[in-house]
2 protein chains.
Amino acid sequence: MKGNEPQHLTIVKVGGAVLEDEAELSAFLDLFAAMPGFKILVHGGGRAATKLSEKLKVESKMQEGRRITDNETLDIVTMVYGGLISKKTVAALQARNCNACGFTGADMNLVKACRRPVIDIDYGFVGDVTGVNHEAFTMLLNNGITPVIAPLTHDGNGQLLNTNADTMASAIAIAMAATYEVSLVFCFEKPGVLSDPAMDESVIQQLTPELYLTLREKGLIHSGMIPKIDNSFAALRQGVKQVIITGALALHLPAGTRITL
Amino acid sequence: MKGNEPQHLTIVKVGGAVLEDEAELSAFLDLFAAMPGFKILVHGGGRAATKLSEKLKVESKMQEGRRITDNETLDIVTMVYGGLISKKTVAALQARNCNACGFTGADMNLVKACRRPVIDIDYGFVGDVTGVNHEAFTMLLNNGITPVIAPLTHDGNGQLLNTNADTMASAIAIAMAATYEVSLVFCFEKPGVLSDPAMDESVIQQLTPELYLTLREKGLIHSGMIPKIDNSFAALRQGVKQVIITGALALHLPAGTRITL
């Protein structure tokens, strides 16, 4: 089917310490802006949100790495993710000739969610993704725009919801996989998934579900890496072509950990 | 030239006390969402920015009604205008079946500016508009999107700039007047331009440059109204079809003050 092959789309998630280090962020944005083809950037911002919370004397309540989001905290993450980080990133990408535009899930109804039901814990205004507006993303890409996505969704009834950025990147990747050949790249401060968290040289080149289970049982993969890897396998099972976990400054290199089924 | 007549576009600026009063804002957004045809919303947010500055113990320095914008203040207005107000407004409009999307001037390079040159006063990171991306606005409108514009621009070199919302609304109106029949509506907490600032019943129905000069000399029109009205005349002189200054809850009525040449 010549001429009808799916086009390539790269979805890059960047978070953690990278967003906090001005020089590293700038180098990362150089690499991202230079990437050819269709691309989407999803960013986190938890550390900056925690800093602003401290300044405003609002307690940051975390539960298993997830932020409990009351009304005050929702305002803080809306300001930090949707405003400060989003718009600074967009201005920096525009300066690099990348036609970026910052969005939350509420904008153009791009990513809809429902408030997480209370089972054991009430996470407050935290959203679980229920739908991705594939048509709107396609329209943006076809108009030469590079979406920059903040980890916020909405419920369609006027309520913004705090949403995990890794999950958001995976959900967008899965939705876009219906019509694009999607690569999902998780960039962070480490060079990949490590078999020894203390040694940057211990990058696992390929991580299968079997190896993951073994390393997890041994306690070598833990905390924040677990949802990231679970999201990766989920994405691959739902049509995403390739998932890589790598260092932010290795975006242009064949490096990091390739997640495979 | 049937079938080739310019389409109508309404640009609404809302600011001041309206954004601070939840019930009034909600009623205003009902009216805005119900407006037929192409539309753009430009919002302010100065009062909320001042509140956050107070909480963060950052001094709000004003000079002739304009905010002196140092680095810390720029972060605050980026969070408040580009994040909090923009995204809450977008979520509220989406709930009203209006396909809104929040932007700053940096997004899609929609509104470019240069940092205001220092003559008597250094306003800091304050931008004077130098260009409006008419094509991008047209693309958005043609895709059924209602842009919600925060009063922030960029210089194209990575610097965000704080920009007066009234000026931004006028600049967009003027740029779009090349291909649309543009109405520019300034909505605020008063029912229009008043000949007696103490009496809401004293709305001037039609304000010409002659009457404006007279009222200004008498001191009946002053402070914040002066740039608003100057912007209005400038817009009319540059092709904008109609300029109205009216109450936020009279958006659907033939009310307020019509500015004419």
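The model is a predicted one.

Contacts join 34 residues of chain A to 34 residues of chain B. On the side of chain A that touches chain B, at least two residues each come from α3 (71–95), β5 (100–103) and β9 (152–154) of chain A. The largest share belongs to α3(A), with 14 residues. By type, the residues on this side of chain A are 15 nonpolar, 14 polar and 5 charged. Of the interface residues of chain A, 100% are also interface residues in chain B, so the copies meet through the same surface.

Within chain B, 8 strands form an open sheet with mixed pairing. Their order is β5-β8-β2-β1-β11-β13-β14-β12. Two strands of chain B, β5 (100–103) and β12 (206–207), are the edges, and each pairs on one side only. Strands β11 (residues 180–188) and β13 (residues 242–247) of chain B run parallel and are joined by 6 bridges. Within this part of the sheet, B:Cys187 has B:Thr246 of β13(B) as its bridge partner. A helix also packs on the sheet: α7 (residues 225–237) of chain B touches β11, β13 and β14 (257–259) of chain B. The direction of α7 makes about 155° with that of β13(B).

Technical notes: Residues numbered from 1 in each chain as written. Chains lettered and ligands numbered in written order. Predicted model: local features only at pLDDT ≥ 70, side-chain atom pairs only at ≥ 80, totals over all residues. Contact = placed C-beta atoms within 7 Å. Helix = DSSP H or I, 4+ residues; strand = E, 2+ residues; numbered from the N terminus. Nonpolar A, V, L, I, M, F, W, Y, C, P; charged D, E, K, R; others polar. Pairing = 2+ DSSP bridges. Axes fitted to C-alpha atoms, helices over the stretch in contact; angles between N-to-C directions.
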